[in-house]
Amino acid sequence: MLIDCPSCKKKISDKAKACQHCDFTVGANDADALLRKKKMERYAKHQSLQTQSFVAMLLFLTGFGMMYWGEPEIGSNQHSLAMLICVVGFAWYIINRARLVMIKGFNFKFWKI
């Protein structure tokens, strides 16, 4: 008989000890293991977005450095490339920061007055 995996929701055998799709161990500790797995996935996603934010900031700084130290003429290919790199890096950084806020959730504590 086929059942849904508690972790990935794909069909697995009811006699399987672990899901062949996500390696989730099916057993008595389903709820605890599932909670741990979800926390680890959330942590990994958070770390990935932080790394992407760092790369985006480096991209922005590279474009800024090209503008500042390269002193390209306005309208030249180097100037256009530096502006493009700055804009892409900045936009990517802002998007990743917004995604990080969404992952953390809006768990802001408001002051009681």
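Hi everyone, one definition before the tour: a residue is buried when its relative accessible area is under 20%, exposed when over 50%, and partly exposed in between, using a 1.4 Å probe and protein chains only. By that rule, glutamate 71 counts as exposed because its relative accessibility is 65%.

A word on the model. This one is predicted, so local features need pLDDT of at least 70 and side-chain atom pairs count only at pLDDT 80 or more, while totals for chains, interfaces and linings use all residues. Residues are numbered from 1 along each chain as its sequence is written, and side-chain values use heavy atoms, with hydrogens and water left out.

Let me stay with glutamate 71 for a moment. Glutamate 71 sits in the loop between helix 1 and helix 2; helices here are DSSP runs of H or I with at least four residues, strands are runs of E with at least two, and both are numbered from the N terminus. Its phi is near 45°, a positive value in a residue other than glycine.

Lysine 9 is another such case, with a positive phi near 65°. Lysine 9 belongs to the loop between strand 1 and strand 2 and, at 57% relative accessibility, counts as exposed.

In that loop, which runs between strand 1 (2–4) and strand 2 (11–13), we also find cysteine 8. Cysteine 8 counts as partly exposed, at 26% relative accessibility. Which residues does cysteine 8 contact, leaving aside its neighbours within four places in sequence? They are Cys19, His21 and Cys22, where contact means heavy atoms within 4.5 Å. From cysteine 8 to histidine 21 is 13 residues in sequence, and 7.7 Å in space, C-alpha to C-alpha.

Next, charges. The structure holds one salt bridge, meaning a side-chain nitrogen of Lys or Arg within 4 Å of a carboxyl oxygen of Asp or Glu. Lysine 11 and aspartate 4 form it, with their closest N and O atoms 3.1 Å apart. Aspartate 4 is partly exposed at 42% relative accessibility.

Now the inside. The largest nonpolar core has six residues: Cys5, Ile12, Cys19, Phe24, Ala33 and Leu34. A core here is a set of buried Ala, Val, Leu, Ile, Met, Phe, Trp, Tyr and Cys residues joined through side-chain atoms within 4.5 Å. Leaving aside neighbours within four places in sequence, leucine 34 touches Pro6, Ser7 and Phe24.

On to the helices. Why do we expect helix 2 to span 40 Å? Helix 2 covers residues 77–104, and its 28 residues at 1.5 Å a residue should give 40 Å, in agreement with the 40 Å between its end C-alpha atoms; the rule is 1.5 Å times one less than the number of residues. Just after helix 2, glycine 105 has a positive phi of about 85°.

The buried residues of helix 2 include His79, Asn96 and Leu100. Histidine 79 is buried at 15% relative accessibility and, leaving aside its neighbours within four places in sequence, contacts Met67, Pro72, Glu73 and Ile74.

Histidine 46, in helix 1 (residues 30–70), is buried as well, at 16% relative accessibility. Not counting residues up to four places away in sequence, histidine 46 touches Leu100 and Lys104.

That's the tour, so over to you for questions!
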